[in-house]
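Have the sequence and the 3D view at hand as you read.

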Amino acid sequence: MKNGPANAIPFQARFGASLILLAASCLAGRAQGTNTPARPDYQAFKILTERNIFDPNRSSDSSTRSEPRKTARVEFFALLGTLSYEKGNFAFFDGSGFAYRKALETGDTIAGYKIAEITAAGVKLEANGKQVVLSVGMQMKKQDEGEWQLAGRAESLAASVPATASNEKTENGSGGGESDVLKKLMQKREQELK
């Protein structure tokens with residue numbers, strides 16, 4: 001019997017320890033069940049679409065965009081120069097579209113304006129009873145469907161002149177006649193400015 005009471009204490013201790021362990025695991029299991037996060041829904045990730053740093057249309061405006069911004073369509077044409085020789089007076093134009101890249105005579109039209117007069121310094125344009133004097137190097141602009149406005153000096157026309165001449169050559173099928181006219185015009189203008 002010596003072994004009996006000695007074995008009883010360890011059994012009771014083991015039984016008590018087992019009960020404590022069982023109670024602790026139940027509490028831990030219950031705590032894990034209540035603290036597990038729910039599966040995230042779309043709202044949790046909505047900020048990624050709203051503030052996407054890879055969006056090419058993203059702006060610094062932090063408010064939510066309800067409709068995309070509309071860019072204004074700007075059209076322009078500029079007077080590159082004028083030329084007077086035995087075939088008549090010509091005005092050379094360049095602009096935002098092919099319709100404005102032309103060589104015109106008195107009486108022709110561009111952007112709804114009739115060319116009333118061509119001089120060495122510029123052209124006189126007429127539309128709806130109004131006259132506009134467009135000097136060489138000056139341009140007319142309009143935004144969207146607004147009215148044409150005199151806009152000052154033309155920007156980056158020198159880069160567009162060779163492209164205009166080559167476009168006209170290929171599209172008109174001319175053998176370089178208009179390109180030669182443009183070269184003569186540019187040379188004459190350089191001499192006038194000296």
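Let us start with a sheet. Strands E4, E5, E6 and E7 form an open sheet in that order, and the pairing is antiparallel. Strand E4 (109-110) and E7 stand at the edges with a single partner strand each, so one side of each has no neighbour in the sheet. Strands here (E, at least two residues) and helices (H or I, at least four) are DSSP runs numbered from the N terminus, and two strands count as paired if DSSP finds at least two bridges between them.

A word on the model itself: it is predicted, so local features need pLDDT of at least 70 and side-chain atom pairs count only at pLDDT 80 or more, while totals for chains, interfaces and linings use all residues. Residues are numbered from 1 along each chain as its sequence is written, and side-chain values use heavy atoms, with hydrogens and water left out.

Strand E5 (residues 113-118) and strand E6 (residues 122-127) are antiparallel and share four bridges. They form a hairpin with three residues between them, and isoleucine 118 stands opposite valine 123 in E6. On to the next pair: E6 and strand E7 (residues 130-135) run antiparallel and are joined by six bridges. Glycine 122 has serine 135 in E7 as its bridge partner, and leucine 125 is partnered by valine 132 in E7. The hairpin of E6 and E7 has two residues between the strands, and in this hairpin asparagine 128 takes a positive phi near 55 degrees.

**The five-stranded sheet**

Another open sheet has five strands in the order E3-E2-E1-E8-E9, with antiparallel pairing. Its edges are strand E3 (102-104) and strand E9 (149-153), each with a single partner strand, so one side of each is left without a neighbour in the sheet. On average, neighbouring strands of this sheet are turned by 30 degrees against each other, direction ignored; the axes behind such angles are lines fitted to C-alpha atoms (for helices over the stretch in contact), and angles run from 0 to 180 degrees between N-to-C directions. Within the sheet, strand E1 (residues 74-85) and strand E8 (residues 138-143) run antiparallel and are joined by five bridges. Valine 74 stands opposite glutamine 143 in E8.

**Salt bridges**

How many salt bridges does the structure hold? There are four, where a salt bridge means a side-chain nitrogen of Lys or Arg within 4 Å of a carboxyl oxygen of Asp or Glu. Among them are these:

| Residue | Partner | N to O distance |
|---|---|---|
| Aspartate 94 | Arginine 101 | 3.1 Å |
| Lysine 124 | Glutamate 117 | 3.6 Å |
| Glutamate 147 | Lysine 130 | 3.8 Å |

Glutamate 147 lies in the loop between E8 and E9 and lysine 130 in strand E7, so this pair ties together parts that are 17 residues apart in sequence. Both glutamate 147 and lysine 130 are exposed. The terms follow relative accessible area: buried is under 20%, exposed is over 50%, and partly exposed lies in between (1.4 Å probe, protein chains only).

**A nonpolar patch on a helix**

Phe11, Phe15, Leu19 and Leu22 make a nonpolar surface patch of about 430 Å². Patches are made of residues with over 30% relative accessible area and no salt bridge; like charges are joined within 9 Å, and nonpolar side chains (Val, Leu, Ile, Met, Phe, Trp, Tyr) within 5 Å. Phenylalanine 15 sits in helix H1 (residues 3-35) and is partly exposed, with a relative accessible area of 48%.

**The chain as a whole**

The chain has four helices and nine strands, which follow the pattern α-α-β-β-β-β-β-β-β-β-β-α-α along the sequence. Of its 194 residues, 23% count as buried. The accessible surface of the chain is about 14300 Å², and 54% of that belongs to carbon and sulfur atoms; accessible areas come from the Shrake-Rupley method with a 1.4 Å probe, and for residues only the protein chains shown count as cover. Among contacts in the chain with a separation of 6 or more, 37% come from residues 24 or more positions apart, a contact being heavy atoms within 4.5 Å.
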